[in-house]
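I opened this entry to keep a record of what I looked up. I began with the chain as a whole and ended at a single residue.

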Amino acid sequence: MKYKLFDKMAQSTLLIAALTFSGLSNAHEADATMDPTGTSASFTGFAVVTCTNEGNLPTSYLEASVKDTDVPQDNLLINLQVFHLGSGINRAVNTTDPVSGDDQFSPTVKVEAGNGTYYLIVNKTGVGPRSFSVSYHCKAADGTHTATDIGVYQFD
Amino acid sequence: MYKQLATFTLTAVSLVFASAAFSHTRLETPSITDGVRVTNNVVIGHGCGAEGSTVRNPVIGTSVVFPDGVDSTITVDGQPYTGNLSDFIDNWVNIPKQNYSRAVFDLQDVKTDSQGNVIGFWAGGNPLPTSMNGYVPFRINAVTFTEGSCASSVEFFISIVDICEITPISGFSESTVGLWTHNSLGTPYDRQGTEDDGPASLTVTRTSTLPASCGAGQVVKVKPSAAQINRDMPIIYNGQQVWPQ
């Protein structure tokens, strides 16, 4: 029976699923490497984050920070911009991981615009590959985590 | 005893006389509102076989593709629209999220675009008894309308192929696949028929107030491109295409 083909896949699928790392699916941290070939100073990541209610609790703001997870390198830092457009709230804020490779996140920044879509841009100050992690969380006014989803528009 | 029961069941499903009221493969919740996550299911209602046939082959897998909104075909109030989906929906990216479940099929995985965004999913592994419904769970992340747009609703047509036997495209027939797809895209996965009634519908209705200049608002419909169906409908596992083959 040809459906046995699916059966044969089962065991290896479960093993691989346990080992595979997926940047997008990790809980509100996105991990990746910018400029893997080390040729693009203008390499940019661009994503949309959708914040909605958690139950009946609405989102008040999106907070985010970035961590350079690569080896230390002078004069090559990672920046993260968070911004919102519309509903009368057109606002942007930047944060930079000031020390590469120290396993510490940049200062956390936030934009307060309620439920809806926010945007993240991640970039760096020069040529060279940089691995990084972005932490992003929609939160209610009292700091409770609210529904947070992300999609990636650009990574090049 | 369980083994005997299983053997009997597998034999019985190939002989069972299914209900005359065969239903299309559809979403359990085909209509949602904006700004809300919704848990949903692809509901497989019957196996493969000719229309009106009383004997069906069990479904062993399903492949589901959402329009990606990149090169999709858009109509507004029934008229072709050459602009972008982002004129109406401002976050149509990575919207479906498959829910893990082995209730029906043992295996499952998402389909992604070049950026890793989910644009569909598949599940497979066990024959679904033809006398039963199969629910394949997923979540629709919150969809938001573009501020200032006049869209009152956006309907997405989701293409689904229920697989009853793994074959190459040349082996597609009513007994090997159930094509819940468009009938005129020009792909090997097109449903045969004169009516374009194959895909499952997902309508997102706007709850926020329309701009005053919009009047009653616009009805937007989104179909996938042929290029997307050809690219995303096959099931890829670990870099290898396992269906069709």
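I worked on a predicted model, in which local features need pLDDT of at least 70 and side-chain atom pairs count only at pLDDT 80 or more, while totals for chains, interfaces and linings use all residues. Residues are numbered from 1 along each chain as its sequence is written, chains are lettered from A and ligands numbered from 1 in the order in which they are written, and side-chain values use heavy atoms, without hydrogens and water.

I looked up the secondary structure of chain B and found 2 helices and 16 strands (DSSP runs: H or I of at least four residues, E of at least two, numbered from the N terminus). Chain B has a radius of gyration of 19 Å, close to the 18 Å of the globule rule for 245 residues, so it is as compact as a globular protein of that length (C-alpha atoms; 2.2 Å times the number of residues to the power 0.38).

I noted that 52% of the 245 residues of chain B are buried (under 20% relative accessible area, 1.4 Å probe, protein chains only).

I then turned to Asp34(B), which sits in the loop between strand E2 (31–33) and strand E3 (38–44) of chain B. Asp34(B) is buried but has no salt bridge (a side-chain nitrogen of Lys or Arg within 4 Å of a carboxyl oxygen of Asp or Glu). Arg206(B), the nearest side chain of opposite charge, is 5.7 Å away (Lys and Arg count as positive, Asp and Glu as negative; His and the chain ends are not counted).

Beyond neighbours within four places in sequence, I found Asp34(B) in contact with residues including Val143(B), Phe145(B) and Arg206(B) (heavy atoms within 4.5 Å).

Technical notes:
Buried < 20%, exposed > 50% of the residue type's maximum accessible area, 1.4 Å probe, protein only.
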